Structures are given as structure tokens and as C-alpha cells.
Amino acid sequence: MHGVFFHFFKEYMEERYGGKETWESLLIANGCAYKVYFTVKEYPDEDLISLMVQASNLLDIPFAEMVGDYGRFLAPRMLRFYSTYIKDPNWKSLELMANVGQGIHHTIRTRNPDTSPPEIMTERLSQHQLRLRYSSPRRLCVLLEGMIRGVGDYYGEELHLSETECVHHGGGECVFEIERLSTAN
Ligand code: HEM
């Protein structure tokens, strides 16, 4: 997994859960007292999952709740970090998400074959409704759900989500129906 996911997880831990000490305790609990994650490198997926599991244990927060909340924290920061990938300044949340799979993630994959961003397919159901299909061997739909909410936060839009299919409940992929309830002008 790309270092940017680790970098912002450190920031998330430090901002929300008690500064550098919490992060350092987490690294120690994860079996490595000192580690710097660079935003230009790839690291094993298991390292991120295991940091999240340790954090959930250390802080006594259910794993899915923490990962979802992290996704919401992460998305606006990723969008600022990678602002050059936002090709149209008129995009809002649904327009951006409609351009992630075939656009942004596809470009990332082509430029850096070491990365494997998830497959995200979308269908525009109406001006304010989008169906989003997610497929990834990482099966991180809980992170994705938080990220979708975070995209709404970034654009100042209120989104209503429902997951109608999920790989963790027998589905072949994860499907989200997203409705934009309000837009910021
Ligand atoms: C400028 C915008 C974006 C950029 C540059 C970007 C780039 C990336 C990169 C580099 C990864 C890591 C891939 C790897 O290490 O193999 C990733 C993963 C991911 N991205 Fe994006 N992304 C963007 C927007 C989004 C948005 C808007 C969503 C969802 C609505 C999204 C959903 C995800 C998810 C869930 C993952 C985790 C990996 C997985 O599930 O397999 N991304 N993205």
C-alpha cells in the first residue's frame, strides 16, 4: 500500500488520539520502535492493517469504526495532496468519484506499476445520485465508505450512503448507492 496511506494514518493518530506518544506506542506495539513512512514508497498491505488493528486494540475502538473514521479523515487530505489529479475545478463530490476509477486510479496505475489502486466503476443515476462499485483484493469497503463521506466533507456536500452489496456478506463486489442531499454554493 502506498506510503500516503501510512503518512496520513500517523497524522490521524497524532491529531485525534494524543500526539506523537500514541503513534510511538503504536509502532512499539507493532514490533518496531522507530519507523518513517515515505509518501513516495510502497509498503506491505499487512503493515497498514496491523497498525490499524493495534490502534483499535490500544484505544479500545472497534476496528471498523476506526478504519471508517480514518477514511473520512484521509480523503480531504488526499485530495489536497494530489490536487493536480482533479482535472475539472467544477467537479463536486459525485463528479470527482465518477472520475476516480477510469481516470485518477487508472492514471496512477499507469504511471506507477508498483501501485494497485482498487477498481472503482460508477453509474450516474441522476444529477444527485451515483452508484459506485468497488472491487479490491484488500476488501477495504469500510475504508472506502469513510473516504466517500470525506469527499463529501471536502466539497461541503451532505451525502447519504447505503451499501447494497458487500463482499463481507456474500456479494461479488461492494456496491454503494450515494445520494447528494445538499450542495455548497
Ligand atoms: C486525487 C484523488 C486520488 C488519488 C490520487 C488516489 C490514489 C490512490 C493511490 C495511490 C492508492 C494506493 C494504491 C496502492 O498503493 O496500491 C489508492 C487507494 C485507494 N483509493 Fe484512491 N485516489 C484518489 C481518490 C480516491 C477516491 C475519491 C476514492 C473513493 C471514493 C478512492 C478510493 C481508494 C481506496 C478505497 C483505496 C485503498 C486501496 C484498496 O481498497 O485496494 N480514491 N488511491
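Colleague: Is R131 buried, exposed or partly exposed?
Modeller: Happy to start there, bearing in mind that this is a predicted model. Buried means under 20% relative accessible area and exposed means over 50%. R131 has a relative accessible area of 22%, so the class is partly exposed.

Colleague: Which residue forms a salt bridge with R131, and how far apart are the closest N and O atoms?
Modeller: The cut-off for a salt bridge is within 4 Å. R131 lies in strand 2 and its partner in strand 4, so the pair ties together parts that are 46 residues apart in sequence. That partner is E177, with the closest N and O atoms at 2.8 Å.

Colleague: How many bridges join strand 2 to strand 4?
Modeller: Strand 2 covers residues 129–135 and strand 4 covers residues 174–182. Within this pairing, L130 stands opposite I178.

Colleague: Nice! What separates R149 and E145 along helix 7?
Modeller: Their side chains meet in a salt bridge at 2.9 Å, N to O. R149 is partly exposed at 28%, and E145 is partly exposed at 25%. Because they are four residues apart in helix 7, the separation is about one helical turn.

Colleague: Which residues do salt bridges that share partners join into one network?
Modeller: The whole structure holds 15 salt bridges. Those that share partners join into one network E123, R131, R133, E173 and E177.

Notes. Residues are numbered from 1 along each chain as its sequence is written. This is a predicted model: local features need pLDDT of at least 70, side-chain atom pairs count only at pLDDT 80 or more; totals for chains, interfaces and linings use all residues. Side-chain values use heavy atoms; hydrogens and water are left out. Two strands pair if DSSP finds at least two bridges between them. Helices (H or I, at least four residues) and strands (E, at least two) are DSSP runs, numbered from the N terminus. Buried means under 20% relative accessible area, exposed over 50%, partly exposed in between (1.4 Å probe, protein chains only).
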